[in-house]
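This report describes selected local features of one protein model. Please consult the sequence and the structure below while reading.

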Amino acid sequence: MKIKEIKVFVCNPGRNFVTVKITTDAGIYGVGDATLNGREMAVVSYLEEHVAPCLIGRNAHDIEDIWQYLYKGVYWRKGAVNMAAIAAIDMALWDIKGKAAGLPVYQLLGGKSRQAVTLYAHASGEDIEDTLNKTEDLINQGFKAIRLQSAVPGLNVTYGVLGDKKDYFELQGNRPLPPEETWSTQKYFNMIVELFQKARERFGNDIQLLHDVHSRLTPIESAKLGKLLEPYNLMFLEDASIAENQDSYKVIRQHTTTPLAIGETYNTIWDCKDLIQNQLIDYLRAAATHAGGITALRRMADFASIYNVKTAPHGAPDLSPICFAAHMHLNIWAPNFGIQEFVGFGNEQSKQIFKHQIKVEQGMAYVSDAPGLGIEFDETEARKYPYKRSYLPVSRLEDGTVWNW
């Protein structure tokens, strides 16, 4: 079964999504997600000019060989643009293989390890009370794991809080220049303990609570935060510090027993190898779209399982529903799966472009048994929503210093 055509689509139904569609000479097609928020067109150019011409005529069933060819053969390995392109090709090929076999992808991986996938939802408020009210709403919807984020008093914008944008999926739909936000670690510390103290007082200990620092703290500040939050029994503290220097997490680990999660910006297993084998983290947050697809994420999951590290794939709204579908197949299979981040399936426009049968009930997601990834991409609908240049925000300290993102 030969690869006949590779097409790349960019659409913006509130967010920019880059979608790859591979068609074979057997008439079977597969789709993959290549979205790289804020650098979408770099991936598009790479796919169209450098990847697609190399794959026409190759056997679509040779997923492993094609992955190795694109990763090792390029000479310039790794990198966000390169790995997002590889990821999309990889997802599309798994989709094709599943359709050819008449089986969902999780069956090709080895079958189910569980019947449903546990999700965690987001409660992001303009103040502590607003966050707690949104938490209660999510609990009433059946979610048993919730990430808490609250705006920090005295700062203009705080990561994880929508501000004047009420629709999560419109938040970054059209940002022609990067917005700049102010950060103060001291003001953040003045708020954060009160948030979790009041959450436990109000909701008790049966609800799993999580928090995302988004790498805004130094390692010793992260250690201090983890220790302060120990009484509130978090499921995990996410992206406490950037880990370009993986030894940074030794500083955090030796001071706190709060579980640690990281990985949403990782592109390969090499980014997290030391963190995993030295047992410095508890959850790996790598995403299929940004870390080389299903082939690569399966390899990461197996490696992590040796060291009792669970998977908790990134699930932000700047990953398309195709990526979420890929995660569902990995999650239902992986013996060491922990939890899946979930912010919904997008707005109505997005739902018309990416059609699937994934069901969410009582905070659990149920994977589709349709062949392949179980998701359909509507080219005609996608063309209605053209690309808009959009950037992630840049954080600065109150004195103007560019800070970690």
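Is Lys273 buried, partly exposed or exposed? At 26% relative accessibility, Lys273 counts as partly exposed; buried means under 20% relative accessible area, exposed over 50%, and partly exposed in between, with a 1.4 Å probe and protein chains only.

## Basis of the report

The model is predicted: local features need pLDDT of at least 70, side-chain atom pairs count only at pLDDT 80 or more, and totals for chains, interfaces and linings use all residues. Residues are numbered from 1 along each chain as its sequence is written, and side-chain values use heavy atoms, with hydrogens and water left out.

## Surroundings of Lys273

Lys273 has its place in helix α9. Helices (H or I, at least four residues) and strands (E, at least two) are DSSP runs, numbered from the N terminus. If residues up to four places away in sequence are not counted, Lys273 touches Gln246 and Phe303, where contact means heavy atoms within 4.5 Å.

The side chain of Lys273 is joined to that of Asp274 by a polar contact of 3.0 Å. A polar contact is a pair of N or O atoms within 3.5 Å; within protein, one must be able to donate a hydrogen and the other to accept it, and residues adjacent in sequence count only if both atoms are side-chain atoms. Met300 is 27 residues from Lys273 along the chain, and 8.8 Å separates the two C-alpha atoms.

## Salt bridges

How many salt bridges does a search of the whole structure find? The search finds 23, a salt bridge being a side-chain nitrogen of Lys or Arg within 4 Å of a carboxyl oxygen of Asp or Glu. One of them pairs Asp247 with Lys250, with 3.5 Å between the closest N and O atoms. Asp247 is partly exposed at a relative accessible area of 42%, and Lys250 is partly exposed at 40%. Another salt bridge is formed by Asp282 and Arg253, whose closest N and O atoms are 2.7 Å apart. This pair links distant parts of the chain, 29 residues apart: Asp282 is in the loop between α9 (273-277) and β10 (283-284), whereas Arg253 is in helix α8 (residues 248-253). Asp282 is partly exposed, with a relative accessible area of 22%, and Arg253 is partly exposed at 23%.

Glu341 and Arg285 also meet through their side chains in a salt bridge, at 2.9 Å from N to O. Because Glu341 lies in strand β12 (residues 340-341) and Arg285 in the loop between β10 and α10 (293-306), the pair ties together parts that are 56 residues apart in sequence. Both Glu341 and Arg285 are buried.

## The β1-β2-β3 sheet

Three strands form an open sheet in the order β1-β2-β3, with antiparallel pairing; two strands pair if DSSP finds at least two bridges between them. β1 (3-11) and β3 (29-33) stand at the edges with a single partner strand each, so one side of each is left without a neighbour in the sheet. Neighbouring strands are turned against each other by 20 degrees on average, direction ignored. Axes are lines fitted to C-alpha atoms, for helices over the stretch in contact, and angles run from 0 to 180 degrees between N-to-C directions.

Over eight bridges, β1 pairs in the antiparallel sense with strand β2 (residues 17-24). Val8 stands opposite Val20 in β2. Helix α1 (residues 40-55) packs on the sheet and touches β1 and β2, its direction making about 175 degrees with that of β1.

## Ala116

Ala116 lies in the loop between α4 (105-109) and β4 (117-125) and is buried, with a relative accessible area of 10%. Leaving aside neighbours within four places in sequence, Ala116 is in contact with Ile332, Met364, Ala365 and Tyr366. Val367 is 251 residues from Ala116 in sequence, while their C-alpha atoms are 7.3 Å apart in space.

## Cysteines

The count of disulfides comes to zero, a disulfide being a pair of cysteine sulfur atoms within 2.5 Å. Cys11 is buried, with a relative accessible area of 1%, and Cys272 is buried at 0%.
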